[in-house]
Amino acid sequence: FELTTFRNPPILEGTPFANEFGILKPDHFECNLINGLPVGLDMPPTPHPPARSGHFMGYSSALKMVVLYGGMGASRSPSSFNDVWLCDVESGSWSLLPTSGDIPTGSFGFAACLINNDTGLFIHGGMANTMLADAHVLDLRTGVWSDLGIEALGRRWGHSAHPIQLRGEQHILLALGDTSHHESTNDVITVSLSSGAVVRRQCRGNNPTPRRRHAGAVLLDKFLLIFGGRSADVRNLLQSFFNDLWVLNMVTWEWCQLTTSVTPASLHRYYSHPEDPEMGSIIRLEAVDAIDVDLAGPLHVRTGAACTMIGSMFYTFGGFGASTRHLFSIQSLFRYNPFSNKWSVMESGLSSAGTQVVQNPHRLPPPLTMSAMCWIPSTSDTSAHLYIHGGRWRDDAIKLHYLVSVPRAESLRHFALNVLLGLGTDMNMCKVTPALDKFIESVSTNRLPHSTPIADGR
């Protein structure tokens, strides 16, 4: 389906938060308030993380646990955290991981990602009483922190961190962020985990406007998707918020903006041949046609949105938006299809009270900004799970947890597409895709063995 939004969406007077406005057909999903549990069970008498926002959360396939770190507390206790929590996805129980070593300063808005086959946690920068510059690694098996001592990274917050492979060696890619209270950057930096070498990549193409608190995720191990964010320039509030979508080719180190005029056929060729710079030139030529007519994307401007990938599908939830008259938190969950270049809305409508989320399991969590979201394994053959934790609602942090079930068919489809693209063939993906859709439709109606890679949505 197509999503059409108003160029200047109406904002209701007096409302502390708002949602997307437009003409759309919502996809099916289910959402449950789970009070700290990634399953629909009663809350056990066990500890769970206190209210926070601006934190990190990811699923460790090695530990089979959700990992949660840091963030900023509620207004009545606004200090930042440096604690590490683990959630067993089978039992639903949370436990505080005892840590030692070079424990980092509590902060929020740092860049973080899981590394070393999901057995380690990398963090850099963030905001405490001041902007931080240090980089740390936590061994999740022992609870020992190590200070990497990499001074070249400098102070930064509101950036994102992503584990990538370069020349067979694991690196961390750090993207964008603020380097001071009045300056944003569009820098892309890679850090070698083995040597500590820092390289500031000289990216070609039309680089995105400098920004912080964007949503970012890696696609097909060779591309970085960047959506939204906000610049440090506060002279024009509305123009400092973004809703544009960008892709960075980490083979050629070229940026391309993905406007609505970029065609699926060109994207299939682009993702199939990351080593060919000509593919990026085609994307940039097509993108020019829509930059001035669709605000570079169908979604409203936002910063601080949570995001994650399931297969090759990019999901983003919430965030903080701006209009000419109001600032507001956003409730909608959106899914981006990188191969069709289409956004799908998973929910729409205003929520007048947070209790409505509890009473109606088919609504999303309340409008949140700076929440954390990750995928977790699902035992269902027809749906995949998104796990949403915390964030700020009505300008205060919450500690509630939500489980959102989304259709698995698209994850199956893009898992298969990934396999085909990974073969490096010159097959016509536009002809393959309809046949693949028919195959997925038949497969998704039958039970699949849970041990297969397809079954966990990866």
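In strand β26, Leu333, Arg335 and Asn337 point one way while Phe334 and Tyr336 point the other way, and all of them are buried, where buried means under 20% relative accessible area, exposed means over 50% and partly exposed lies in between, computed with a 1.4 Å probe on protein chains only. Since 5 of the 5 residues of β26 are buried, the strand is largely enclosed by the rest of the structure. The strand label follows DSSP runs, with strands (E) of at least two residues and helices (H or I) of at least four, numbered from the N terminus. The model is a predicted one, in which local features need pLDDT of at least 70 and side-chain atom pairs count only at pLDDT 80 or more, whereas totals for chains, interfaces and linings use all residues. Residues are numbered from 1 along each chain as its sequence is written, and side-chain values use heavy atoms, with hydrogens and water left out.

The surroundings of β26 come next. The strand belongs to an open sheet of 4 strands, arranged in the order β22-β23-β26-β27 with antiparallel pairing, two strands being taken as paired if DSSP finds at least two bridges between them. At the edges stand β22 (306-310) and β27 (342-345), each with a single partner strand, so one side of each is left without a neighbour in the sheet. From one strand to the next the twist averages 25°, an angle taken between N-to-C directions on a scale from 0 to 180 degrees, with axes fitted as lines to C-alpha atoms. Strands of a sheet pair through backbone hydrogen bonds, in either a parallel or an antiparallel sense.

On one side, β23 and β26 pair in the antiparallel sense over 4 bridges, and here Phe314 stands opposite Tyr336 in β26. β26 (residues 333-337) is also joined to β27 by 4 bridges, again with the strands running antiparallel; in this pairing Tyr336 stands opposite Trp343 in β27, and Arg335 stands opposite Ser344 in β27. The hairpin of β26 and β27 has 4 residues between the strands, and in it Asn341 takes a positive phi near 60°.

In soluble globular proteins, nonpolar side chains tend to be buried together.

A search of the whole structure finds 8 salt bridges, each defined as a side-chain nitrogen of Lys or Arg within 4 Å of a carboxyl oxygen of Asp or Glu. One of them joins Asp83 to Arg52, with the closest N and O atoms 2.8 Å apart; this pair links distant parts of the chain, since Asp83 lies in strand β6 and Arg52 in the loop between β3 (30-33) and β4, 31 residues apart. Both Asp83 and Arg52 are buried.

Another salt bridge brings together the side chains of Arg156 and Asp187, at 3.7 Å from N to O. Arg156 sits in the loop between β12 (144-147) and β13 (160-166) and Asp187 in strand β15 (residues 183-192), 31 residues apart. Arg156 counts as buried because its relative accessibility is 2%, whereas Asp187, at 27%, counts as partly exposed. Between Glu254 and Arg204 the closest N and O atoms of a salt bridge are 4.0 Å apart, and this pair connects strand β21 (residues 254-257) with strand β17 (residues 204-205), 50 residues apart. Glu254 is buried at a relative accessible area of 7%, while Arg204 is partly exposed at 47%. Salt bridges with shared partners also join Arg156, Asp187 and Arg200 into one network.

Finally, the protein as a whole comprises 5 helices and 32 strands, and buried residues make up 57% of its 458 residues.
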